[in-house]
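Here is a briefing on one structure.

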Amino acid sequence: METDVSWTGTGIDLDRPNAARMYDYYLGGAFNFAADRHLAEQALQVMPWMREAVAANRSFLGRAVRHCVEQGIRQFLDLGSGIPTVGNVHEIAQAAEPSCRVAYVDNEPVAVAHSSHLLADDPQTTITQADLRDPEQVLAAPTVREVIDFAEPVALLAVAVLHFVPEERRPEEILAGYRQTMAPGSRLVISHVTADHDPEQARAASRVYQRADTPVLPRSRERLTAMLTGFTLLAPGLVDATEWHGVLNADAEHAGFYAAVASVD
Ligand SMILES: C[S@@+](CC[C@H](N)C(=O)[O-])C[C@H]1O[C@@H](n2cnc3c(N)ncnc32)[C@H](O)[C@@H]1O
C-alpha cells in the first residue's frame with residue numbers, strides 16, 4: 001500500500017530517493033516512498049547489516065543525549081534531525097529532565113512536516129527547515145532562538161549527517177560557525193559513516209547513494225579527527241558507535257559509524 005503523501009506539502013520529487021526517507025525505511029518507519037524503498041533495498045544488498053548499523057547509530061544518539069543531560073545540558077540543537085521515529089531526542093532528554101528544550105533542524109520536507117505535526121503541542125521544541133551548511137541562517141532562525149539560549153551550554157547534535165556534506169563545503173568551517181556561538185561547557189555530539197573497517201563494502205554503498213539526492217561521503221578516523229579541531233574530545237574519544245560507553249547492540253560487529261562527544265572549552 002502506498003503512503004498517503006497529500007500531507008507532505010510541495011517540493012518533494014517522489015521519484016528521487018532521499019537519505020532521510022531511506023533511513024526511515026531501515027528503521028521500519030512509514031514515511032518513505034517507493035523510490036526510497038527501492039534504493040534502500042539495493043543498499044541492503046551491498047550492506048546487509050545496514051539496519052543493525054542504523055540501530056547502533058540511534059542507540060548511540062540515545063546514550064549521548066542522556067549523557068549530556070547528566071552533564072547538566074538542558075538544550076539541544078539537532079542538525080539533520082530526520083524523520084521522527086522511536087526515541088526522539090526531546091523524548092529521551094525530557095524523560096531524563098523535563099525542562100529540556102530541543103530545536104530540530106532538517107532540510108527534507110517530509111522530516112519537517114512530520115516533526116511539525118509531532119511537536120505542535122510541545123512549547124519546549126521547535127522544527128526549522130534549513131540547510132545546516134549555513135550556520136548563520138540556522139543560528140538566526142527565530143524558531144531556533146525560541147528554545148535555545150546561546151548564553152547557556154547547548155548540545156549541538158550532528159548525528160549521521162555530516163557525511164552528506166562534501167569536502168568542498170568545508171565541514172570544519174561549518175562546525176566552527178556553530179562553535180563560535182556556543183557557550184563554554186557546550187557539547188558536540190557527532191556520528192559519521194566511515195569506510196575504515198570495510199572499504200570495499202562502503203564504496204559499494206556510497207555508489208548506491210550516488211543515485212539519491214543525498215550522496216554519502218564516508219570519512220576516515222584521521223579526517224574526522226582533523227574536522228573536530230577546536231573541540232575537546234571527551235572519553236572514550238572517536239570510536240565505533242557500538243563502543244561509545246558500552247556495546248548495546250551486540251548484533252553488529254562494528255556499526256560503520258564513528259561516534260564521539262566533544263566539549264567547547
Ligand atoms: C541519516 S538521517 C539522520 C537522522 C538522525 N540525526 C539520526 O541520527 O537518527 C540524516 C538527516 O540529515 C538531513 N540532512 C542531510 N543534509 C542536510 C542539510 N544540508 N541540512 C539539513 N539537514 C540535512 C536529512 O534530510 C536526514 O533527515
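The helices α1 and α3 pack at an angle of about 100°. An angle of 65 to 115 degrees counts as roughly perpendicular, so α1 and α3 are roughly perpendicular to each other. The model is predicted.

**Helix pair**

- The axes of α1 and α3 are 9 Å apart where the two helices pack.
- From α1, the contact is made by Tyr23, Tyr25 and Tyr26.
- From α3, Met50, Arg51, Val54, Asn57 and Arg58 take part in the contact.
- By class, the contact of α1 with α3 has five nonpolar residues, one polar residue and two charged residues.

**Ligand shell**

**Polar contacts and burial**

- Tyr23 uses its side chain: an N or O atom there is 2.6 Å from an oxygen atom of the ligand.
- Gly80 uses its backbone: an N or O atom there lies 2.8 Å from a nitrogen atom of the ligand.
- Asn107 has a side-chain N or O atom 3.3 Å from a nitrogen atom of the ligand.
- The ligand taken alone exposes 600 Å², and the protein buries 96% of that.

**Backbone details**

- Most residues other than glycine have a negative phi, and most peptide bonds are trans.
- The peptide bond joining Ala235 and Pro236 is cis, with omega at about 5°.
- Pro236 sits in the loop between β6 (232–233) and β7 (239–240).
- Ala160 is not a glycine, yet its phi is positive, at about 55°.
- Ala160 belongs to the loop between β4 (155–159) and α8 (171–179).

Key: Residues are numbered from 1 along each chain as its sequence is written. This is a predicted model: local features need pLDDT of at least 70, side-chain atom pairs count only at pLDDT 80 or more; totals for chains, interfaces and linings use all residues. Side-chain values use heavy atoms; hydrogens and water are left out. A polar contact is a pair of N or O atoms within 3.5 Å; within protein, one must be able to donate a hydrogen and the other to accept it, and residues adjacent in sequence count only if both atoms are side-chain atoms. Accessible areas come from the Shrake-Rupley method with a 1.4 Å probe; for residues, only the protein chains shown count as cover. Axes are lines fitted to C-alpha atoms, for helices over the stretch in contact, and angles run from 0 to 180 degrees between N-to-C directions. Helices (H or I, at least four residues) and strands (E, at least two) are DSSP runs, numbered from the N terminus. Angles under 35 degrees count as roughly parallel, over 145 as roughly antiparallel, 65 to 115 as roughly perpendicular and the rest as oblique. Contact means heavy atoms within 4.5 Å. Ala, Val, Leu, Ile, Met, Phe, Trp, Tyr, Cys and Pro count as nonpolar, Asp, Glu, Lys and Arg as charged, and the others, Gly among them, as polar.
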